[in-house]
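Hi,

Here is the structure I promised to pass on to you. Please open it beside this email, and then read on for what turned up in it.

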Amino acid sequence: MSVGKLKRRSECGWYLEPSGKMRVPVVIYADEELITAMDDKVFEQAANVAKLPGIVGASYAMPDAHWGYGFPIGGVAGFDPEQGGVVSAGGVGFDIACGIRALRTGLIPDDIEPYKQQLADMLARRIPAGLGSRGKLRLNRKEMDDMLVGGAKWAVERGYGTQTDLDSIEEHGRMTGAEPKYVSDRAKKRQEDEVGTLGSGNHYLEVQKVTQVFDTDCAKSFGLAENSVIISIHCGSRGLGHQIGTDFLPRMVKAAGSLGIDLPEKELACAPVKSEIGRQYLGAMYCGINCAMANRQVLTHLVQQVVSDILPKGNLVLLYDVSHNTCKFEEHEVDGKKIKLYVHRKGATRAFGPGHPALAGEFKAMGQPVLIGGTMGTASYILVGTKQGMELSFGSCCHGAGRAMSRTQAMKKWHGKDVIRMLGEKGIIVRGASTRGIAEEAPGAYKDVNSVVDATECAGLAKKVARLEPMICVKG
Amino acid sequence: MKPTCTDAQNYGLNCMTMSRAHWQHYSHPADMGIRGFGASLEEAFEQAAMALTAIITDLKKVKPRQKVEIIYEEQDNELLFVGWLNALLYEMATRHMLFSRFELKIDDGHLSAKAWGQELDVEKHKPVVEVKAATYADLKVEQDKKGNWLAQCVVDV
């Protein structure tokens, strides 16, 4: 991106004045190297978001931002319903509430090493992953609707995990306002056998070790120490979420004209929150959030069974669960006034700071854990939300490394087998149904997660707590 | 647009040329773009559907054994194109099938399709990735001066 048009307001904060139909400025958080490498399309897409009705504050892009569809991936925007603010099906995307959860294991790498191959094989065999995999649960329509209203809480009530897990999940595991009647039969049909499945693409299950602790007090409060073994799960709302997006995008595109919305591009499909279609989408999308949280809760149970079979002393305890494709109604301060906004995070993580009323227990004292997924070969991070971030980005930060290269380029550059061998030499076991799929997700296809996280901290959006390196990666 | 495979091959991508009808994958930073070319709108849509399957597996491995019929209505050609691909993705997801042969009729916004394929066999097809949805990003359905059709969009994987 040519930074000429941008004003540098802080070391890691860049600002673009509104022009033309933009209602608010664009603010991009990144260091000089990241912003220089960012595609011009990020800037163009963030500027398009700034044109949508009811947007307040700014149209934000996080340090991992890259060219998406409609919103940039790594885009954050808040809309005031009292000013004609919109909810955008394109802004949430097709993988509603895709997210990451991190589980403490009570194990150290020495416990894992002797059983590493066995653990990798059994996780790959027993966790349904990739296209065509089916979950063991079959939900009838009544159970499906209960799941869509109940989220992770529904899963806990069915015996997947414990009540205490819920305090370690955003929205306490259950998004209120979910309306299954606005979720199509097709979406429900698509989900019938997909509860408890990982999906594919960039989704994964990783066994990781903590290699560095940056904030000892916070790490202690999150139950982390150097050499702790963590299991992370990255996945979303599966077929149900994909279909909700598929159903609502054309409806919103076609309704835009009559609702007086001038869409900068079709993929930004949106509708006023206070319109019938806006209300219906929110009710359906909240079901998608519940579906994703329930899915990760069920998957956790499957992982626990594998761990128990191989390493009986391993006991999985949920550290935290975040969703990074969402729109949620939250209170924020804008121009000195507290207002409630529909905050869209597209490939961006909620990062509430200490004292936020939505947080429970130790998280309220410390801030929300923020889970940043890296690549198979580099690292993942656990950060913590800051008070400052609440003002800078509606309490949001990056979600991962962010792609630096397309799948097609990655496929041309690497062979899956070489990627597996290279990672093997570093002691990382990779399992996946397709070697081409592994090539497309090669670590080199992503930005450097270390610099993304450093820029996030530099901008003040979140603080580093711990760095995790992969030991086993099961690709979806 | 010139109906050749050169662009795709420059990226080392799959591409198949059969007279004017062919398909391409093209690069998009997060996801993957698909293009279908044909002498008619129907043919361009059919070719794009082949490009869709080719994201998931080697098209040659999918035997056209079982037929599924799909209907979709939409006046706008671009919305119809994305709607068609998403209707196909729905059949793939709920029937656990892959499709490799297509026959379409489009009449005044009414699309009726026959899709032939087979049940997904993970061992045989080694699916690379699941396609979540066809999107409106980079969406184009247009006819060139010679009458050839192009249908393209980015798909979310």
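Ala152(A) lies in helix 6 (residues 141–157) of chain A; helices (H or I, at least four residues) and strands (E, at least two) are DSSP runs, numbered from the N terminus. This is a predicted model, in which local features need pLDDT of at least 70, side-chain atom pairs count only at pLDDT 80 or more, and totals for chains, interfaces and linings use all residues. Residues are numbered from 1 along each chain as its sequence is written, while chains are lettered from A and ligands numbered from 1 in the order in which they are written.

Is Ala152(A) buried or exposed? Ala152(A) counts as buried because it has 32 C-beta neighbours inside 10 Å. (A residue is buried if 20 or more other C-beta atoms lie within 10 Å of its own, exposed if 12 or fewer, and partly exposed in between; C-beta atoms are placed from the backbone.) Leaving out residues up to four places away in sequence, Ala152(A) touches Asp165(A), Leu166(A), Ile169(A), Gly173(A), Arg174(A), Met293(A), Ala294(A) and Gln297(A). Being in contact means that the C-beta atoms of two residues, placed from the backbone, lie within 7 Å. Ile310(A) is 158 residues from Ala152(A) along the chain, and their C-alpha atoms are separated by 26 Å.

Next, a pair of helices. Helix 9 (residues 238–256) and helix 10 (residues 276–310) of chain A pack at an angle of about 165 degrees, with their axes 9 Å apart. Axes are lines fitted to C-alpha atoms, for helices over the stretch in contact, and angles run from 0 to 180 degrees between N-to-C directions. Helix 9 and helix 10 of chain A are therefore roughly antiparallel to each other (under 35 degrees counts as roughly parallel, over 145 as roughly antiparallel, 65 to 115 as roughly perpendicular and the rest as oblique). By class, their contact has 11 nonpolar, 3 polar and 2 charged residues. Here Ala, Val, Leu, Ile, Met, Phe, Trp, Tyr, Cys and Pro count as nonpolar, Asp, Glu, Lys and Arg as charged, and the others, Gly among them, as polar.

Strand 7 (residues 99–104) of chain A is mostly covered, with 5 of its 6 residues buried. Strand 7 of chain A runs antiparallel to strand 9 (residues 229–235) of chain A, joined to it by 6 bridges, and Ala102(A) has Ser232(A) as its bridge partner there. Another 6 bridges join strand 7 to strand 11 (residues 317–323) of chain A, also antiparallel, where Arg104(A) stands opposite Val317(A). Two strands pair if DSSP finds at least two bridges between them.

Helix 2 (residues 40–49) of chain A has 7 of its 10 residues buried, so it is largely enclosed by the rest of the structure. What covers those buried residues includes strand 3 (26–29), strand 4 (55–69) and strand 5 (71–79) of chain A.

Finally, chain B. Chain B has 4 helices and 9 strands, in the order α-β-β-β-α-β-α-β-β-α-β-β-β from the N terminus on. Of its 157 residues, 50% count as buried. How many residues of chain B are in contact with chain A? There are 34, and they meet 38 residues of chain A. Helix 3 of chain B gives the most to this side, with 6 residues. By class, the side of chain B that touches chain A has 20 nonpolar, 9 polar and 5 charged residues.

Happy exploring!
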